[in-house]
Amino acid sequence: MAFAATVLTLYPEMFPGPLGQSLAGRALREDRWRLDAVQIRDFAPDRHRSVDDTPAGGGAGMVLRADVVAAALDSVTHTRPILAMTPRGAPLTQTRVRTLASGPGAIILCGRFEGFDERLFEARAIEPVSIGDYVLSGGEMGALVLLDACVRLLPGVMGATESGVDESFETGLLEYPHYTRPFSWEGRTIPEVLRSGDHARIAAWRKSMAETDTRLRRPDLWERHEGARVGSPSGARHETDE
Ligand code: SAH
């Protein structure tokens, strides 16, 4: 069965959006994955179709009602992980993306306004997911990000099957930098080693660049990488997190 995504949202017309283009779009048309967008508002009980109310305890904005969102969620019958987009969730990682991509799919709740009534998370098995330490106006972009990351890993979606193995985060490091023709551009040339044809030297250069760039740009990743390496004498491949 293909990877199936169901997105619960107040803006179903935002889907597939950018995921209708390029590799993800072609894969969608080829049924390598499925996407449904459910309008949360269709589950509002009153004739005004209201989905939100003022925050208990006061304060700015509106909160998505637990009863309405739960009714929308309960209308989706499949057994797939349920994720909710929220800056209060665990930051999304390549490890989590890989696990999701190798599973049956996901049901994704998109928040708006101040977010969801917290009781929703207690009443249903929902995994709160954040796409980073910044605040979006809604969960839809987060859902698109998460799905894009998953879909590119599905069998047959990316051209070269080995693409992805070397990539940033897969080894706990950032990927090494890339270059292509023209050889000389604005007086800058491609590193000589990459034109040497010496595969061992190229591999060593790439490894060292990946390490240097990770150390300089992402000390957090580097520290974890070094910690894991010390912990495993074989220097075995390890995950970036979890
Ligand atoms: N009041 C909330 C922010 C609400 S933003 C808080 O401060 O935590 C409105 C909606 O946008 C959220 O319900 C969520 O679905 C989405 N959103 C905002 N930032 C996000 C992030 N970093 N990751 C995932 N979803 C996010």
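One of its oxygen atoms is 3.5 Å from a polar backbone atom of G139. The protein covers 86% of the 560 Å² of accessible area that the ligand has on its own. Keep in mind that this is a predicted model.

Two further polar backbone atoms deserve a look. A nitrogen atom of the ligand lies 2.9 Å from one that belongs to G132. An oxygen atom of the ligand sits 2.6 Å from a backbone N or O atom of M85. Both residues turn up again when we ask who comes nearest. Around the ligand there are 18 residues, and the nearest are M85, G111, G132, Y134 and L136.

Which elements give two or more residues to the shell around the ligand? They are β5 and β7. Strand β5 provides the largest share, with three residues.

Now step back to the sheet. Five strands form an open sheet, in the order β2-β1-β6-β5-β7, and they pair in parallel. Look at the two ends of that order. Strands β2 (33-39) and β7 (126-130) are the edges, and each has a single partner strand, so one side of each has no neighbour in the sheet. What holds strands together in general? Strands of a sheet pair through backbone hydrogen bonds, and the pairing is either parallel or antiparallel.

Take one pair as an example. Strand β1 covers residues 3-9, runs parallel to β2 and is joined to it by seven bridges. Within this pair, find L8: it stands opposite V38 in β2.

Now zoom out to the whole protein. The domain assignment gives domain 1 as 3-151 and domain 2 as 168-241. How far apart are the centres of domain 1 and domain 2? Taken over C-alpha atoms, 35 Å separate them.

Most peptide bonds are trans, and most residues other than glycine have a negative phi. From F15 to P16 the peptide bond is cis, with omega near -5°. You will find P16 in the loop between β1 and α1 (22-29). The peptide bond from R181 to P182 is cis too, and its omega is near 0°. The loop that holds P182 runs between α5 (140-151) and β8 (184-185).

D31 is not a glycine, yet its phi is positive, at about 60°. Where does D31 lie? Look in the loop between α1 and β2. From there, follow the chain into β2, an edge strand of the sheet.

Definitions and conventions
Residues are numbered from 1 along each chain as its sequence is written. This is a predicted model: local features need pLDDT of at least 70, side-chain atom pairs count only at pLDDT 80 or more; totals for chains, interfaces and linings use all residues. Side-chain values use heavy atoms; hydrogens and water are left out. Domain bounds come from an automatic or database domain assignment. Two strands pair if DSSP finds at least two bridges between them. Helices (H or I, at least four residues) and strands (E, at least two) are DSSP runs, numbered from the N terminus. A residue is near a molecule or strand if one of its heavy atoms lies within 4 Å of it. A polar contact is a pair of N or O atoms within 3.5 Å; within protein, one must be able to donate a hydrogen and the other to accept it, and residues adjacent in sequence count only if both atoms are side-chain atoms. Accessible areas come from the Shrake-Rupley method with a 1.4 Å probe; for residues, only the protein chains shown count as cover.
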